[in-house]
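Subject: Model handover and notes

Hello,

Here is the model I promised to pass on. Please have it open while you read.

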Amino acid sequence: MFTVGVKLICLFFVNIVIGYEQRGYLITSPTTFLEGSTENVCVSLHNITSPVTVNIALYSANTQQKLLSVSHNIFNNSIGCLELYIPSLNLQEAHLVTQVISKENPEINGNIEKTIIIQNKSLITIIVTDKLMYMPGQTVKFRIFVLSHTLKPHDSILNIWLEDPFSTKMMQWSNMNTQHGLIQLELSLADNAIEGTWSIFVEHIPNSVAEVKQFKVLEFVIPRFEVIVASKSSMSADADRFVWEVCARYSYGRVVKGKALLQIKQMRNSNFIPPEINDSALLNKESGCFNFSIPGSEFNLQPESNTPDSIVLTATVKEENTEVSQSTTITSRFSHAEFYLRFECASFFKPGLPYKGKVLLLKEDKSEVGAGIKIQLCLKVLLKGTTAMTSHGCWSYFSDFGSQVVFTLPFISKPQDIQMIMFVASAPDYPSKYYMNSSQIFMIGPTASQTVRPWFSPSSSYLYASTRSPVHCGTTHMIPVHYTIKNENESIYLFHYLVKSRGDLLVLKTYRPETVVQRYIHEEGFIVKSWRLPLLITPHMAPISKLTIYYFRTDGEVVATTTTLNIESCHPNRVRTLELGIFEYRLMF
């Protein structure tokens with residue numbers, strides 16, 4: 001298993017007041033630099049038309065030694081990006097210093113310093129063996145695949161070695177070059193190879209922490225057949241009956257004829273408790289399966305003092321005529337909720353602009369809850385200067401086929417007076433149930449809450465962008481953008497936008513909308529307008545990208561918003577498969 005680091009964008013704005021004119025510049029930079037990659041630090045000018053020189057340097061956080069530097073000139077109120085290739089530094093942190101110099105506007109000259117995290121491991125190494133277990137005398141075949149942080153093949157020089165269970169090196173390959181990120185090797189085990197856990201080590205040159213892949217060497221006998229139990233990892237404690245399907249198959253696929261034995265042990269706090277449940281039946285001769293159905297009353301789920309929290313089920317199949325048997329054991333937990341609710345939405349809202357969120361319906365075993373489940377959503381508001389929340393109504397929704405409810409914040413008067421709002425979701429058709437003759441809850445009614453606070457802006461200027469999901473690759477997606485203004489006569493702003501994916505800056509442009517639509521005038525006096533940003537969706541943006549849009553107000557305030565682009569699966573190189581008819585296939589072979 002591997003992970004890909006996520007690098008956030010940090011924004012620094014320097015605002016200079018010259019008379020009645022606001023001037024400044026905005027610096028965008030990743031908070032994390034990856035060794036072996038090229039990073040972008042960008043500068044946007046605001047009301048600065050004269051040439052500006054930008055010097056960027058990276059210093060060691062410990063010794064203050066300059067590690068690298070680059071310069072760039074920016075002209076006429078535009079955007080400039082400086083590329084920094086990050087070599088192997090063997091550091092955890094560094095200081096990024098940005099120096100802005102203008103001969104015609106010396107008042108904007110200055111340095112900005114920011115601490116940057118250096119991520120040393122920018123390569124992903126995947127080690128795969130052809131099997132998980134080998135017998136002495138067999139050949140271990142394995143592949144090593146090296147990827148960059150963009151998940152593209154990366155050629156490397158590797159040191160590779162194998163160790164037995166006693167950490168003795170049994171084979172070593174030095175200075176091995178990958179081709180298109182891939183190398184394939186093998187090792188023939190001796191007939192008397194030591195049984196146990198063996199390890200494959202892969203080390204990049206120059207030296208780095210070695211990646212490890214383990215496999216087992218054991219003398220084993222392949223079983224005649226396999227016993228399979230179809231079961232969920234969690235079961236509703238309120239179910240009338242519990243059903244398990246037990247099947248048996250030979251290694252070549254045919255069904256096993258025989259008898260199935262079922263043993264169920266109940267557990268509480270990892271201790272077995274009575275009673276034990278046993279059952280048996282003949283397997284169906286055609287399907288090789290049998291469905292065991294056990295009434296819920298046999299599990300003593302009602303008495304709260306001795307309620308099991310899980311079961312251990314052992315299914316044994318005895319082959320007909322031979323009495324050869326195989327067994328499988330599984331563990332399942334009792335769930336005391338039909339499903340759970342969870343909010344997936346931002347923790348803030350922008351007054352006067354749309355706010356959308358989701359309520360997810362989740363089961364403990366990750367299975368689908370389904371569509372058509374009634375969810376009630378209630379809204380409470382806490383106003384500034386008050387201590388008690390007031391109810392603003394409840395609304396009913398029904399879950400879709402994605403086991404979720406999508407909602408929009410309803411209109412609330414005087415949004416500037418709101419200190420906090422709270423959403424409360426519940427499933428009215430699934431109320432809480434109690435143990436018999438007790439006040440203790442047996443089945444928990446699904447419920448969840450989410451608090452949301454207003455976004456702060458000194459000028460009450462807000463910006464919001466929304467996207468549908470998924471976004472189609474290879475198309476120009478029109479992204480609705482909404483923003484607020486105080487004066488209807490304000491000129492159309494120049495908007496800046498950037499797109500980042502997997503830590504790389506893919507797009508950095510400016511856009512001045514030709515058409516802006518006035519949506520409505522809010523009762524607070526500000527005006528809501530909207531426009532559409534045309535964005536070409538490329539394969540490099542898939543599967544997820546972050547879009548950031550911002551603009552400079554005339555008073556120097558930076559108004560920004562960020563949204564996630566979920567992009568359908570697509571690749572830079574399209575592959576077309578050829579379909580051959582049966583006759584053509586036979587001719588080929």
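My notes follow, from the whole chain down to single residues.

This is a predicted model: local features need pLDDT of at least 70, side-chain atom pairs count only at pLDDT 80 or more, and totals for chains, interfaces and linings use all residues. Residues are numbered from 1 along each chain as its sequence is written, and side-chain values use heavy atoms, with hydrogens and water left out.

**Whole chain**

The chain holds one helix and 43 strands. Helices (H or I, at least four residues) and strands (E, at least two) are DSSP runs, numbered from the N terminus. The C-alpha trace spans about 100 × 70 × 60 Å along its principal axes.

Of the 589 residues, 42% count as buried. Buried means under 20% relative accessible area, exposed over 50%, and partly exposed in between (1.4 Å probe, protein chains only). Take the contacts in the chain with a separation of 6 or more: 62% of them come from residues 24 or more positions apart. Contact means heavy atoms within 4.5 Å.

**Domains**

The domain assignment gives domain 1 (24-119), domain 2 (123-217), domain 3 (225-335), domain 4 (340-454) and domain 5 (462-566). These bounds come from an automatic or database domain assignment. The centres of domain 1 and domain 2, taken over C-alpha atoms, are 40 Å apart.

An unreviewed UniProt entry places the feature "domain: Complement C3/4/5 macroglobulin" at residues 24-80. UniProt positions are in the numbering used here, feature names are shortened, and annotations may be inferred rather than shown by experiment. That span is 0% helix and 68% strand, and its end C-alpha atoms lie 14 Å apart.

**Strands 4 and 7**

Strand 4 (residues 38-46) pairs with strand 7 in the antiparallel sense, over seven bridges. Two strands pair if DSSP finds at least two bridges between them. Glutamate 39 stands opposite leucine 84 in strand 7. Strand 7 (residues 79-85) has two faces: Gly80, Leu82 and Leu84 make the covered one, while Ile79, Cys81, Glu83 and Tyr85 make the uncovered one.

**The 10-12-15 sheet**

Three strands form an open sheet in the order 10-12-15, with antiparallel pairing. Strand 10 (124-129) and strand 15 (182-188) are at the edges with a single partner strand each, so one side of each has no neighbour in the sheet. The twist averages 20° from one strand to the next. Axes are lines fitted to C-alpha atoms, for helices over the stretch in contact, and angles run from 0 to 180 degrees between N-to-C directions.

Six bridges join strand 10 to strand 12 (residues 139-147). Isoleucine 126 stands opposite phenylalanine 145 in strand 12. Serine 148 lies in the loop between strand 12 and strand 13 (157-163). Serine 148 is buried, at 15% relative accessible area. Leaving aside neighbours within four places in sequence, serine 148 is in contact with Ser122, Leu123, Ile124 and His154.

**Strand 38**

Seven of the seven residues of strand 38 (residues 495-501) are buried. Phe495, Tyr497, Val499 and Ser501 point one way, and His496, Leu498 and Lys500 the other.

Strand 38 runs antiparallel to strand 39 (residues 504-511), joined by seven bridges. Valine 499 has valine 507 as its bridge partner there. The hairpin of these strands has two residues between them, and arginine 502 takes a positive phi near 55° in it. Strand 38 also pairs antiparallel with strand 42 (residues 544-552), over five bridges. In that strand, threonine 548 is the bridge partner of leucine 498.

**Backbone points to check**

- Proline 274 and proline 275 are joined by a cis peptide bond, omega about 0°. Proline 275 lies in strand 22 (residues 271-282).
- Alanine 542 and proline 543 are joined by a cis peptide bond, omega about -5°. Proline 543 is in the loop between strand 41 (527-536) and strand 42.
- Histidine 180 is not a glycine, yet has a positive phi of about 55°. This residue is in the loop between strand 14 (169-177) and strand 15, and is exposed at 68% relative accessibility.
- Serine 270 is not a glycine either, and has a positive phi of about 70°. Serine 270 lies in the loop between strand 21 (258-268) and strand 22, and is exposed at 63% relative accessibility.

Best wishes
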